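I opened this entry to work through one chain and its ligand. My plan was to go from the record to the fold, and then to the ligand.

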Amino acid sequence: MQKIIIDCDPGIDDALAIFLALAARDDIEVLGITCVKGNVALDKTYRNAQRICAAAGRLDIPVLRGIARPILAPADLAASVHGADGLGDIDLPLLVDFPQNPIHAVDFIRQQAEKYPGEVVLCAIGPLTNVAVALLFDPQLARKMHSVVFMGGAAYCPGNMNDFAEFNFMVDPHAAEIVLQSGAQLVMFGLDVTQQTRIEDKHLTCLSLQQNPCSQIAARLLRTYRQGDQHLHDPCVIAWLIAPSLFSGLQSRVSVVTETGPQFGRSIAQPDPDGNCLVMTKVDQDRLFDTLLVRLAQLKGQ
Ligand code: BDR
Ligand code: CA
């Protein structure tokens, strides 16, 4: 059983990643969900994480507020593809009595790493602000966790914000650089691999035919999302934990451009057997969608 924390900015593909993790109860224990500013403001990502857990009937999962702005970068970048509320404006209900947890996301990450030494897999699918600040608080944290598996960057391909930068890295490149140079065990799911996951009509049809509430919600979310982004980025991180053989990659040395200018947020990578990061480069996309659809069908929800 892998113990994970999902650090996220939901976000429609974040929501799918959370559903997938909650559905994989035989393989994955979700210790908590820490929220960060990214696709939308922190108040929204925090509420959205609660809405997703509530939809899945999992009020027992701690949801924690994190950091409300990037470390140094301008705070105004947001992703319109997720809608004004961050979850496609489909009016997913928010439980007024969802348990509120006063612990800060950064403290939660550190506490869980102390509680389960060497076991915690930190799955980061938004800007890396919370993760970087946790690592700055405790320089030993990199060794106390099992690994940081993240969606972000574009190692060997162009970006999705411009020719160079991917969204999560561009929102907080300084945080990304702190994480990359932290000495933690790192696995990177950048656009190199996530842009091989194309959402097609047949996937939406299949989801819509599944009668459980979470699959129905996923279908509605993806229908709006697909109008702006065709790719299922964030669920790759969770799918890899469930079925690592879906993916292959290349050990690399990766850093991020933090100087202001046209390449701000760009990932710089080169293959290196002693590099800091395993960069995923290939996915079996048919098997990935099979895994997602089969698992989601098992998620009962409210
Ligand atoms: C990343 O940016 C966000 O919009 C998605 O949730 C994903 O984490 C893809 O570039
Ligand atoms: Ca995300």
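**Record and overall build**

I began with the record: UniProt, in an unreviewed entry, lists residues 4–289 as "domain: Inosine/uridine-preferring nucleoside hydrolase". I keep in mind that the model is predicted. Over residues 4–289 I found 36% helix and 18% strand.

Next I took the whole protein chain. I noted 12 helices and nine strands. The radius of gyration is 17 Å, close to the 19 Å that the globule rule gives for 302 residues, so the chain is as compact as a globular protein of that length. I also looked up the extent of the C-alpha trace along its principal axes, which is about 45 × 40 × 35 Å.

**The sheet**

In what order do the strands of the sheet run? I read E3-E2-E1-E4-E5-E6-E9-E7-E8, in an open sheet of nine strands with mixed pairing. Strand E3 (63–64) and strand E8 (267–271) are the edges, each pairing on one side only.

Helix H11 (residues 235–242) packs on it. H11 touches E1, E2, E4, E5, E6, E7 and E9. The direction of H11 makes about 135° with that of E5.

**Strand pairs around E9**

I went through the pairs one by one. E6 (residues 186–189) and E9 (residues 277–283) run parallel and are joined by two bridges. Here Met-188 stands opposite Val-279 in E9.

How do E7 and E9 run, parallel or antiparallel? They run antiparallel, with six bridges between them. Phe-247 has Val-283 in E9 as its bridge partner.

E7 also pairs with E8, again antiparallel, through five bridges. In that pair I found Arg-253 opposite Gln-270 in E8.

A cis peptide bond joins Pro-10 and Gly-11, with omega at about -10°. Gly-11 sits in the loop between E1 and H1.

Asp-89 has a positive phi, near 50°, although Asp-89 is not a glycine. I located Asp-89 in the loop between E3 and helix H3 (105–115).

**Around ligand 1**

Which residues come nearest to ligand 1? From a shell of 14 residues I wrote down Gly-11, Asp-13, Ala-79, Phe-167 and His-233 as the nearest.

I sorted the shell by class and got four nonpolar, six polar and four charged residues. I then asked about the helices. Helix H1 (12–23) and helix H6 (167–171) each supply at least two residues of this shell.

Terms used. Residues numbered from 1 in each chain as written. Chains lettered and ligands numbered in written order. Predicted model: local features only at pLDDT ≥ 70, side-chain atom pairs only at ≥ 80, totals over all residues. Near = placed C-beta within 6 Å. Helix = DSSP H or I, 4+ residues; strand = E, 2+ residues; numbered from the N terminus. Nonpolar A, V, L, I, M, F, W, Y, C, P; charged D, E, K, R; others polar. UniProt positions renumbered as here; feature names shortened; annotations may be inferred. Pairing = 2+ DSSP bridges. Contact = placed C-beta atoms within 7 Å. Axes fitted to C-alpha atoms, helices over the stretch in contact; angles between N-to-C directions. Rg over C-alpha atoms; globule rule 2.2 N^0.38 Å.
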